[in-house]
Amino acid sequence: MTLLAIGCLIGMGIPTKTMAQKTFTLEDLNFGGKNFRKMQPENRYVAWWGDQLVRTENDYCALVDLKTGGERRLFSLDDINKWASLSQSNEQIRHLYNATFPYGDRPWVMVMNGRETLIINFKTKKLEKRWERVQNVQAREWNKVSGATAYVLNNQLYVADGSGNVKQLTTDGSRQIVYGQAVHRNEFGIDGGLFWSEDGKRLAFYRMDQSMVTDFPLFSTPELDWTPGEGQSRMAQLEPTAYPMAGEASHKVTVGVYDLQTQKTIYLNAGDPTDRYFTNISWSPDGKTIYMFELNRDQNDARLVAYDAQSGERVKEIYRETHPKYVEPAHPICFLPWDANHFVMQSQKDGYNHLYLFDTNGKEIKQLTSGEWVVMEMLGFNAKQKSIIYVSNECSPIQRNTWSVDLKTGKRTLLDNGKGYHYASLNAGGTALYDSYSEPTVPRKIDLIQIAAKPTTHNWLAAKDPWAGYKQPEFSCGTLKANDGKTDLYYRMVKPSDFDPSKQYPTVVYVYGGPHAHNVDASWHYGSRSWETYMAQKGYLLFILDNRGSENRGRAFEQATFRQLGQVEMQDQMTGVAYLQSLPYVDKNRIGVHGWSFGGFMTISLMTNYPEVFKVGVAGGPVIDWKWYEAMYGERYMDTPQTNPEGYAKTSLLPKAKELKGKLQIITGLNDPVVLPQHCYSFLKACIEAGTQPDFFVYPGQEHNMRGHQSVHLHERITQYFEDYLK
């Protein structure tokens with residue numbers, strides 16, 4: 001066995017016991033709880049100043065020595081307020097956690113007080129620049145080279161140049177005509193709608209016309225969402241959301257380009273945007289060309305196209321990828337910092353997400369990474385070594401580790417310790433990493449890594465167990481074979497701290513199961529949700545399995561569910577249940593299931609397809625029928641109701657309402673814009689007609705997830721349901 005292989009191994013079952021007597025509350029464990037932050041592992045906040053690391057704490061910033069971890073104070077919070085002449089309490093900077101250092105060659109720090117953005121020279125101790133932060137904006141993007149800011153206010157798009165001169169670019173913005181914000185329901189890697197060229201002289205932006213999309217009538221409740229003033233109506237107000245359902249009319253997106261120097265706006269001549277998706281916008285290094293992936297409505301034909309940023313005319317098609325099921329471009333191309341004629345592209349075309357080197361004529365130069373594992377993120381480049389720094393699960397399907405690959409030789413080098421789950425950030429030159437990570441029995445460590453032929457590492461923080469002194473469950477991890485007899489499925493099991501194998505325990509299967517997510521990994525406690533600890537403390541055994549269809553296992557693993565969501569997933573979950581039923585300490589008559597969103601869909605699917613197995617279920621925000629879900633996500637995995645009527649009929653839970661036998665609680669947010677309340681209401685109606693009796697609870701004013709302290713209430717409600725009917 002090689003040293004690398006040894007370094008990549010993780011323990012699959014490492015239960016520990018403690019004699020601690022203190023018990024947890026949901027205020028301790030839940031992210032909305034009053035004590036939640038105190039129960040998290042110690043952390044340190046940082047920002048890169050070019051190639052140098054700065055610690056950004058509440059009341060000071062300090063330069064960190066990457067070799068030793070030693071710190072040298074740069075300035076304090078009081079210094080910043082003094083140098084910026086912020087004497088009034090309502091204008092002072094409150095903390096320095098969010099301080100940034102946008103220019104690696106200048107001793108400038110950027111801070112914000114809510115009303116202004118300020119840049120302060122901490123060497124000369126003087127204010128360099130300040131500008132007003134427009135309040136209540138819907139989107140904002142600043143460019144550090146030109147100093148210009150693009151923002152959306154009251155649905156209109158504006159640009160303020162580096163001198164503060166403001167130009168309004170649009171006048172027709174509205175709820176239906178959306179500028180500068182995420183489009184296509186945030187699918188395909190889209191998380192915003194403003195894209196500056198590198199030099200900040202041109203701005204690309206989305207324009208989305210959704211006037212042809214049917215509205216769903218969400219509404220606000222006066223008593224909970226706002227207090228009517230004198231003379232105002234007490235009636236609930238409509239807050240409709242444009243929702244393109246699978247197989248129905250979708251919105252039309254175009255891409256505009258504003259030139260800061262000419263002050264003119266043009267639109268890319270991409271043709272009719274009907275039934276097409278525009279995503280992963282990127283700029284050439286010289287700011288003259290825009291690159292964009294164009295995906296057909298059927299999502300099986302993706303094309304990378306170049307456009308002239310001055311005229312908007314189509315230059316050429318650079319790359320095309322098709323697949324019988326679907327293609328999902330989710331990452332913009334990245335140009336080599338030392339070569340403007342070559343870029344790196346991510347693709348699953350060989351079955352796993354990997355890195356490829358192309359030239360601007362569309363010629364594939366080489367595949368840079370390969371293997372039955374996936375590149376999870378690309379962090380950047382090391383220009384000196386001519387290498388790419390990236391994140392993958394090459395060590396193990398449930399790990400996340402940081403690597404470099406030499407563009408010339410293809411040699412890959414593991415940069416971290418080869419264990420656990422790592423989140424690293426890279427400095428400007430690609431020569432150092434700030435690596436924050438955990439392992440199943442390690443709450444958090446932070447390493448400072450210098451990237452060289454032989455990487456060197458300094459451990460900067462080894463956090464203590466914040467749960468020390470509490471009764472902690474036993475966390476373990478293992479694999480089961482899927483019913484194909486060859487695919488490994490990873491699971492997590494959580495047992496009470498006083499586990500006794502001679503006893504039988506009520507067991508709850510927690511499930512998500514959908515794409516772009518996973519539940520089991522090699523982080524602290526194997527990625528266990530804190531609610532599982534709360535339930536284990538109450539005497540339950542928890543079981544969590546990542547079925548086929550979930551992320552980071554390759555294209556075939558994900559696409560096994562194509563056109564039949566929920567079916568293969570149930571097969572795999574029932575493989576897990578069969579394993580549970582084989583264990584002498586699992587009470588076969590007391591098995592429950594809980595999940596949210598896709599997991600809510602899975603919960604009701606399991607409850608109604610296997611009514612003799614599951615006694616109790618709690619389904620949050622569940623999809624009931626995929627024909628009511630959004631087009632972008634739904635059609636990728638199910639095609640349309642018109643082209644796949646058998647699949648939609650097979651996966652719909654409405655005909656299954658009559659099969660419900662156990663106790664089922666359904667929970668939703670009244671204003672859920674993701675899984676519309678129509679899903680829950682329709683299933684309730686089907687249950688009424690079938691004579692079955694689910695329970696139902698609504699969170700007024702809430703959307704798809706319960707925010708803040710309401711999450712504590714939610715998880716107490718979920719817990720109590722199992723306490724009432726499963727224990």
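This briefing walks through a pocket, several strands, a helix and some aromatic rings.

The model is predicted, so to speak of local features a pLDDT of at least 70 is needed, side-chain atom pairs count only at pLDDT 80 or more, and totals for chains, interfaces and linings use all residues. Residues are numbered from 1 along each chain as its sequence is written, and side-chain values use heavy atoms, with hydrogens and water left out. Helices (H or I, at least four residues) and strands (E, at least two) are DSSP runs, numbered from the N terminus.

**The second largest pocket**

- The second largest pocket holds about 1,200 Å³ of space.
- A pocket here is an open set of points on a 1 Å grid over the protein atoms alone, where a 1.4 Å probe fits, with protein on both sides within 12 Å along at least five of seven lines; lining residues have an atom within 4 Å of a point.
- Grid points are joined across faces, edges and corners, and the volume is the space filled by probe spheres set on the points.
- Its lining has 38 residues, and Phe-31, Gly-527, Ser-528, Arg-529 and Ser-530 lie nearest the centre of the pocket.
- By type, the lining splits into 16 nonpolar, 18 polar and 4 charged residues. Ala, Val, Leu, Ile, Met, Phe, Trp, Tyr, Cys and Pro count as nonpolar, Asp, Glu, Lys and Arg as charged, and the others, Gly among them, as polar.
- Elements that each supply at least two lining residues include strand 33 (421-426), strand 34 (432-439), strand 35 (442-450) and helix 5 (530-537).

**Helix 5**

- Helix 5 is largely enclosed by the rest of the structure, because 7 of its 8 residues are buried. Buried means under 20% relative accessible area, exposed over 50%, and partly exposed in between (1.4 Å probe, protein chains only).
- The buried residues are Ser-530, Trp-531, Glu-532, Thr-533, Tyr-534, Met-535 and Ala-536; Ser-530 is also among the residues nearest the centre of the second largest pocket.
- Just after the helix, Gly-539 takes a positive phi of about 100°.

- Four strands form an open sheet in the order 33-34-35-36, with antiparallel pairing. Two strands pair if DSSP finds at least two bridges between them.
- Strand 33 and strand 36 (456-462) are the edge strands, each pairing on one side only.
- Neighbouring strands of this sheet are turned by 25° against each other on average, direction ignored. For such angles, axes are lines fitted to C-alpha atoms, for helices over the stretch in contact, and angles run from 0 to 180 degrees between N-to-C directions.
- Strand 35 and strand 36 share 6 bridges in the antiparallel sense, and Leu-448 stands opposite His-458 in strand 36.

- With 6 of its 6 residues buried, strand 6 (residues 116-121) is largely enclosed by the rest of the structure.
- Glu-116, Leu-118 and Ile-120 point one way from the strand, while Thr-117, Ile-119 and Asn-121 point the other way.
- Strand 5 (residues 108-112) pairs with strand 6 in the antiparallel sense over 5 bridges, and Trp-108 has Asn-121 as its bridge partner.
- The hairpin of strand 5 and strand 6 has 3 residues between the strands, and Gly-114 there takes a positive phi near 95°.
- Strand 7 (residues 126-132) runs antiparallel to strand 6, joined by 6 bridges, with Asn-121 opposite Lys-126.
- In the hairpin of strand 6 and strand 7, 4 residues lie between the strands, and Lys-125 in the turn has a positive phi of about 65°.

**Strand 22 and its partners**

- Strand 22 (residues 289-296) is mostly covered, with 7 of its 8 residues buried.
- Strand 21 (residues 276-283) joins strand 22 through 6 antiparallel bridges, and Trp-283 stands opposite Ile-290.
- Strand 23 (residues 301-308) joins strand 22 through 7 antiparallel bridges, and Ile-290 has Tyr-307 as its bridge partner.

**Aromatic rings**

- The structure holds 45 aromatic pairs. Rings of Phe, Tyr and Trp (its six-membered ring) pair if their centres lie within 6.5 Å; planes under 30 degrees apart count as stacked, over 60 as edge-to-face and the rest as tilted.
- Tyr-491 and Tyr-579 make a tilted pair, because their ring centres are 5.4 Å apart and their planes stand at 40°.
- This pair links distant parts of the chain, 88 residues apart: Tyr-491 is in strand 38 (residues 488-495) and Tyr-579 in helix 7 (residues 567-581).
- Tyr-491 is buried at 10% relative accessible area, whereas Tyr-579 is partly exposed at 23%.
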